[in-house]
Structures are given as structure tokens and as C-alpha cells.
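Biologist: I have a model open and want to learn how to read its features. Take me through them one at a time.

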Amino acid sequence: QRGSARPARAPAPALTCPSHASMITGGSPREHGVVANGWFDPTYSRVMSWQRSDQVMSGERVWEAMRARDPHATSANLFWRFCTHSSCDLTLTERPTYFANGRKGADVYASDPAFKRALIERLGAFPFFHFWGPKAGVASSVWILKALAYTLEERTPNLALCYAPGLDYEGQRFGPRAPQARAALRELDAHLGALFTLTKRLGYEVMVVSDYGFTEVDTP
């Protein structure tokens with residue numbers, strides 16, 4: 001009712017990491033170098049899967065282009081791939097803590113430790129095991145959207161990127177037209193509605209984008 005919609009041309013391959021890098025830089029995988037969710041790095045002879053570091057991309061970032069126009073403009077990046085070690089003013093993403101006994105602890109990384117402490121005090125611990133793994137679902141995206149709302153209110157960045165992948169899981173498990181996938185869509189839509197009420201009050205323009213789509217399949 002308040003906006004418009006148009007198709008986006010996805011990069012090939014249409015995967016999360018290449019899509020995020022293409023939206024951040026405006027370039028193709030050939031240009032920014034992110035060719036898959038994981039790829040073999042011949043320099044170090046290792047597979048780089050689900051990288052978080054900005055350093056694996058080439059090309060100008062959208063927040064750098066913004067800052068070139070307005071040196072005082074600020075940016076925040078929440079949970080998009082390649083947000084750590086970046087020139088954003090504030091970054092937040094999932095990153096487990098690996099303990100000496102082999103246990104993996106749920107945690108997040110923030111470029112500003114004080115912001116992280118205040119955020120967790122407000123929202124509670126990030127539900128990490130609802131972000132990756134067999135329990136992955138909308139719960140982690142609800143936390144991320146609340147973190148975005150907190151960021152917009154407390155830091156008022158000129159540009160904020162937020163990745164809330166809550167629609168991925170049930171669509172992958174059951175198919176895009178399954179009742180479970182539609183229920184996840186309704187749940188996430190309700191939380192997005194609350195967020196949009198806030199962004200309207202704060203004067204933000206909002207773009208909702210997708211890193212890939214789903215289609216029905218019947219043969220593995």
C-alpha cells in the first residue's frame with residue numbers, strides 16, 4: 001500500500017554469499033570475487049566457507065560510496081555476510097565462542113563491545129542455535145530485527161543493512177508452498193510490520209531484498 005515492488009536480477013550462482021557481495025558492491029561475482037558460499041583459496045590451500053570478513057571482497061562498498069558523498073554519514077551492518085573488519089561504523093554478526101573443552105557457545109561479535117553489552121542486556125542472548133543447525137527458524141530473525149530497531153533508535157545510522165534469514169529454513173525443509181513455510185512468512189511479516197512502524201516514525205526509507213528464491217522440486 002505504501003511502496004512498490006520490482007524484480008532483481010540475481011547473480012550466478014544465486015546463493016547467499018555472492019548475492020550479499022553483489023548487493024554490497026554492485027558488482028558481479030567475477031568482479032568482487034565471492035563466487036559461492038564456500039570456495040577453495042589456492043593461496044592458503046584451504047576452503048573458505050561462510051566467511052564473515054569484509055577482506056575477502058573486492059570493490060567499493062555501498063557505505064563507502066555514501067561516505068564519499070557525505071563524509072559525516074554513518075552506517076551499520078547487522079548479520080550480512082562479510083560485515084566484520086569492514087569500514088562500517090557499527091557491525092554485529094553471529095560468531096560462536098569455541099571453548100578449550102570443545103564446547104561451542106552461542107555468541108555474537110560487535111565492533112563496539114559496549115553496544116553489544118547494552119544490546120544483550122536489552123534483548124537477552126542471541127539464539128545462535130536457532131540461526132544455524134537443525135533448530136534454525138524464525139526465532140533468530142526476530143532477535144535480529146529487534147537488534148536493528150535498537151540500532152536505529154540508539155545510533156540513527158544513515159544506512160543500515162540487516163540480514164534476517166528466517167524464511168530460509170522451512171522453505172528448504174518442506175518446500176516454498178508448504179504450510180510450514182507459509183506460517184514462517186506470516187510470523188516474520190508481523191515482526192517486519194512492527195519494524196516498519198518504527199522506521200516510518202524515524203523517517204527511514206526501507207528496501208526489502210532477497211538473496212535467492214525457492215522453487216518446487218520433486219527429484220533429488
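Biologist: Is tryptophan 143 buried or exposed?

Modeller: Buried means under 20% relative accessible area, exposed over 50%, partly exposed in between, with a 1.4 Å probe and protein chains only. Tryptophan 143 has 6% relative accessibility, so it counts as buried. A caution on sources: this is a predicted model, where local features need pLDDT of at least 70, side-chain atom pairs count only at pLDDT 80 or more, and totals for chains, interfaces and linings use all residues. Residues are numbered from 1 along each chain as its sequence is written, and side-chain values use heavy atoms, with hydrogens and water left out.

Biologist: How many aromatic pairs does a search of the whole structure find?

Modeller: First the rule: rings of Phe, Tyr and Trp (its six-membered ring) pair if their centres lie within 6.5 Å; planes under 30 degrees apart count as stacked, over 60 as edge-to-face and the rest as tilted. The search finds 11 pairs. One of them joins phenylalanine 79 and phenylalanine 126. Their centres are 5.1 Å apart and the planes make 45°, a tilted pair.

Biologist: Which parts does that pair tie together?

Modeller: Helices (H or I, at least four residues) and strands (E, at least two) are DSSP runs, numbered from the N terminus. Phenylalanine 79 lies in the loop between strand E3 (75–78) and strand E4 (90–94), and phenylalanine 126 in the loop between helix H4 (113–123) and H5, so the pair ties together parts 47 residues apart in sequence. Phenylalanine 79 is buried at 0% relative accessible area. Phenylalanine 126 is buried too, at 4%.

Biologist: What kind of pair do phenylalanine 79 and tryptophan 143 form?

Modeller: The centres are 6.5 Å apart and the planes stand at 75°, so this pair is edge-to-face. Tryptophan 143 is in helix H5, so the pair links parts 64 residues apart in sequence.

Biologist: How do helix H5 and helix H7 cross?

Modeller: Axes are lines fitted to C-alpha atoms, for helices over the stretch in contact, and angles run from 0 to 180 degrees between N-to-C directions. The axes of H5 (residues 138–155) and H7 (residues 179–202) come within 10 Å and cross at roughly 0°. That makes H5 roughly parallel to H7 (under 35 degrees; over 145 is roughly antiparallel, 65 to 115 roughly perpendicular, the rest oblique). Contact means heavy atoms within 4.5 Å. The residues making this contact include Leu145, Leu148 and Leu152 of H5 and Leu188, Leu192 and Leu195 of H7.

Biologist: What does tyrosine 150 touch?

Modeller: Leave out residues up to four places away in sequence, and tyrosine 150 touches Phe115, Ala118, Leu119, Arg122 and Arg155. Tyrosine 150 is in helix H5 and is buried, at 10% relative accessible area. Alanine 118 is 32 residues from tyrosine 150 in sequence, yet 9.8 Å away in space, C-alpha to C-alpha.
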